[in-house]
Amino acid sequence: MTARVRASSAAVDTAFALAAVALAAWSFWPVYQSGPFVVLLIATLLLGGAIGVLGAVFRWPSIVIAGAAALVYLGAGVQLAVPTAATAGGLLPSGAGFVDLIRATWLSWKQLVTISVPVGSYQALLVPAFVLILLAAVVTVSVALRARIPESAALPPAVLLVCGIALGSGTTAVPLWVVLGLLALLLVWLIRFRLRRRSAALRALGQQSGLSMETPRERRSTALLTGVGALVMLLGASVVGIAAAAVVPPAPSRQVVRTAVEQPFDPRAYPSPLSAFRSYQESPRADEPMLTVQGLPEDGRLRIATLDTYDGVTYSVGSDGVTSASGSFTRVPYRLDQSRVRGEEHAISVTVRDYRGPWVPGSGQLQQIDFTGTGSATLAGAFFYNDVTGTGAVTTGLRSGDSYTADSVVGPTLTAAAIEKVEPGSDVVPKPTVVPDELTSVLQKYTAGVSGAGPKLAAALRGLAADGYVSHGVGPDEPASRSGHGADRITELLTDVPMLGDQEQYAVTAALMARQLGFPARVVFGFAVPAGTASSGTVTLTGADVSAWIEVQTTEGWVTVDPTPPLRPVPPKQPDQPTEISRPQTNVQPPVDESPQRNDEPPQAQVDSTDQRPPDPVVETLLAILVAVGWTLLVLAVLAAPFLAVVAAKWRRRTLRRSAPTAVDRIVGGWREFADAAVDHGYEPPPAATRVEFAQTIGGARAAALAKVADRAVYSPTAPTPAEADSVWKTVDELRGQLDRRDTRWKRLLAAVSLRSLGYRGGRRERRDGR
C-alpha cells in the first residue's frame, strides 16, 4: 500500500471516528440546549482529533498522548467549559475560571444530576461533557489509526452515547435518530474495516501464489453488497423500532442517574407548612411584617409552598421523589423555560422581614431568580426548585434582610362561574389515602341533579360559599374554630351548623372534592395581597395576610381557585339540632349516582362515565403482544444484521462467479467457490499452496480432479467449453454438499456466517513454517 493510499485511508477513518463521536455527543443536547455547548462540541472534536492524528503520525506512546490531552484540557477548558469565567472576549482563561475548572473536574458530576435541565453554560456544568467528549475523540481516533484491532474504535462512541443517556433528563429521551444514526455509522465503519482486512489478506496470498485471488469486479461488488445489505437490515430494524415506539405509550419518567441519585433537599424532612397556618393569625405574628413585595398585581397571591399529598392528617409537599415528581427538588440553572405555561409574565422583588423557614415565597412558575444582598452567593447555591408545583426552597433557610427578584409566569384565577366551562386535565397527583365519608355525602348533596365535571365542581364551590363561614378562632370576638386539617377536622367542618373554619380547612375540603370529581388538585399555602392594594406597587404582608387556596388542572393547564366563603357575620351555633346529611325521602327512584368512587384515581375517566367505554381487555392484550413482538423484532434485527450481510455478500459473490462472461472465468470461479467453502468449514490452506496441494489438504478424488480441471483451464492453450464450466459448477455444488454433511447443524450455521473466506482469521498470524 502506497503512502498516498495509507494517508487517504487514515483520513477516512479519522472522519468516521469524529463523526461517530459527534453523533454520540449529541445525546447531551437535552441537558444543555445552548450555543456554548455547540461551540464546545466542535472545538473539542477538532482538538481531540488533532491529538489522535499527531500521535499516529509521530508514533507517540500512550503516556505522551495522555499528557497532550491533559494540556488541552487545562489550556482550553476554561474557554470551552467555563465560558462565563473567560477573559479577553472568551479567548483567555482567568484565575477564578481555572480554579472552577479544577474543582469541577470531580465536583460537577453530582451537581449536573441534581439540577434542573437544560443547564446551558451555568457555572462549570459543561465540564463533564468536555471531559467525556475529549476522551472519546482522542481514544477513538487513536485506536482507529493505530490499534491492531481497529474495530474496537467503535466502543468509545457507544460508551459516550450511554453516558449521555445516563446523565440526561428523566423526562426527555435522546432523539431516536441519534441512536439509529450512530448505529448505522458504526456498522458501515466496521464493514469498512473487514473489507480492508480481507483485501490485505488476499493481496498477501496473491503475492505468494503469483495469482490474483479476487477480481476487481468481485471486490467492488462484495463491498457494495455488504454495505447495502447491512443498511437494509438497519433500515428494517429502524422501521420496527419506530413502529414499536408508536405503539408503546410514553413513560412519564425515565430511570437515569438524576432520578436515582439522592437529592440534596428532601421536603419530607420538614413539617407541612400548612400546619403553621393558625400560628400566623395569632398574636403577635398577625401584626408583624413578614415580607415586603414589589410587583404583585392587584389581589395577587404569593405562594409559599404547593401541597399535593394528603394522608388524612396533613397536606404535605410531595410524597417522595420517585412516585411523586412534586417531591423531587433540584438546583436551578440560569433560567427555566416556561414557554408552555399558560399565563402572564410577572417580575417581583421580595425582601424578607420576620418571615422564617426554608420555603422561598414566589408567584407562578419560576423562570429566573436572582438573590441580592450580602448572602446572595450562599442562597443561590442553596436554592432548590420543583418545577412541577412551582415551589422553591433554600437549605439554609431565609432570614431577615435576604432579598431576591424573580421572573415568573402566573396562571389565571377562575371563579365558580368560569369553572363550569372547564374539563379535568390529565396530570397525575398522589392519591389521598383518607377521604372522610361526610365529604362524599356533602358533595353528593351539592351536585345533585348536575352533570359534567366542571359544573359539578362549580356547584360544590357555590355550596361551600353558601353554607360556610370564616373564623380563625384567635380573637375574643371570633367564634371558636379549631385549627388543623386532618380528616377529623374536615368531618367537623362539614357536620357543624353553621359550617365554621378558615382558609386552611376550606382549601383542603375543596381540593378533596375536586379530586373526587376527577380534577387533579392541590392546596397552595401563601399570602394574599389585601384588597385595595395598588397594582404592581410595594406592599408589606403581615401574618394576618396568610391564606390558602387550591389549584386544579384543566385541559388548558393549572388554574387558581379560591374556595374561601365570603366574610360575613357568623350565626350562633345550634348544638341541639345536628344536621343529618341524607338524601330527601321520595317515592321517585333517586337518580343514578354519577360520582366516581372515592378511592379511584381521576383523571377524565371519572368525569362522565356514560360517554366513555371501559378498556377492552382483548385490545389491551393485543397491544401488549404487539409491543413485545415489536421490541423483540427490533433486537433480533439489529443482532442479525451483520450475519445476514455476510450471507448476502457470499451469495452475490457466488452469483458473479457462476455468471462470469467466459468459461475460463466460470471454471476458476467454481474452484474459488469450493476453496472458500472449505475455508469456511475450517480447512486451512498451506502457505503458497497450489490448487492441487489445497485439494489434497481437503481430501477426496473429486476435489483433486476439480483442482486439475481449473489448472488445465488456466494454462491449457485450448479454451474450455461452456458445457465444461457447467459440469464444474455441478461438481462444486455436490462438493459443498459433502462438506455440509461432514459437519453438524451448528457447524454448518457457523460456516454460513464465517468471515474466513472474506479474509478475516480472527486476528491470528500464520507462522512462516506454516503451523
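Which side chain meets that of R192 in a salt bridge? The partner is D13, with 2.9 Å from N to O, where a salt bridge is defined as a side-chain nitrogen of Lys or Arg within 4 Å of a carboxyl oxygen of Asp or Glu. This is a predicted model, in which local features need pLDDT of at least 70 and side-chain atom pairs count only at pLDDT 80 or more, while totals for chains, interfaces and linings use all residues. Residues are numbered from 1 along each chain as its sequence is written, and side-chain values use heavy atoms, with hydrogens and water left out.

**Salt bridges**

- The structure holds 22 salt bridges.
- D13 is buried, with a relative accessible area of 2%, whereas R192 is partly exposed at 23%; buried means under 20% relative accessible area, exposed means over 50%, and partly exposed is in between, with a 1.4 Å probe and protein chains only.
- D676 and R653 form a salt bridge in which the closest N and O atoms are 3.4 Å apart, and this pair links distant parts of the chain, with D676 in helix α19 (residues 663-680) and R653 in helix α18, 23 residues apart.
- Both D676 and R653 are buried, and the two residues also belong to a network of salt bridges that links R653, R654, R657, E673, D676 and R736.
- In the salt bridge between E734 and R702, the closest N and O atoms are 2.3 Å apart; E734 lies in helix α22 (residues 722-742) and R702 in helix α21 (residues 701-715), so the pair ties together parts that are 32 residues apart in sequence.
- E734 counts as partly exposed at 32% relative accessibility, and R702 likewise counts as partly exposed, at 36%.

**Helix packing**

- Two packed helices are described by the angle between their axes and the distance between the axes.
- The axes of helix α1 (residues 3-25) and helix α6 (residues 127-146) come within 9 Å and cross at roughly 150°; the axes are lines fitted to C-alpha atoms, for helices over the stretch in contact, and the angles run from 0 to 180 degrees between N-to-C directions.
- That angle makes α1 roughly antiparallel to α6, on a scale where angles under 35 degrees count as roughly parallel, over 145 as roughly antiparallel, 65 to 115 as roughly perpendicular and the rest as oblique.
- The crossing of α1 and α6 is right-handed, a term used if the near helix is turned clockwise from the far one by less than a right angle, with anticlockwise giving left-handed.

**Surface and chain contacts**

- L622, I625, V629, L633 and L636 make a nonpolar surface patch of about 440 Å²; patches are made of residues with over 30% relative accessible area and no salt bridge, with like charges joined within 9 Å and nonpolar side chains (Val, Leu, Ile, Met, Phe, Trp, Tyr) within 5 Å.
- Accessible areas come from the Shrake-Rupley method with a 1.4 Å probe, and for residues only the protein chains shown count as cover.
- A96 lies in helix α5 (residues 95-112) and counts as exposed at 54% relative accessibility, while its C-alpha atom is separated by 6.9 Å from that of A85, 11 residues apart along the chain.

**Backbone features in loops**

- The peptide bond from S283 to P284 is cis, with omega near 5°, and P284 lies in the loop between α11 (277-281) and β1 (289-294).
- A cis peptide bond also joins V497 and P498, with omega about 0°, and P498 is placed in the loop between α16 (487-495) and β12 (499-501).
- Q33, a residue other than glycine, has a positive phi near 50°; Q33 is found in the loop between α2 (29-32) and α3 (35-57) and counts as partly exposed at 39% relative accessibility.
- R59 also has a positive phi, of about 55°, although it is not a glycine; R59 lies in the loop between α3 and α4 (62-81) and is exposed, with a relative accessible area of 54%.

Definitions and conventions. Helix = DSSP H or I, 4+ residues; strand = E, 2+ residues; numbered from the N terminus.
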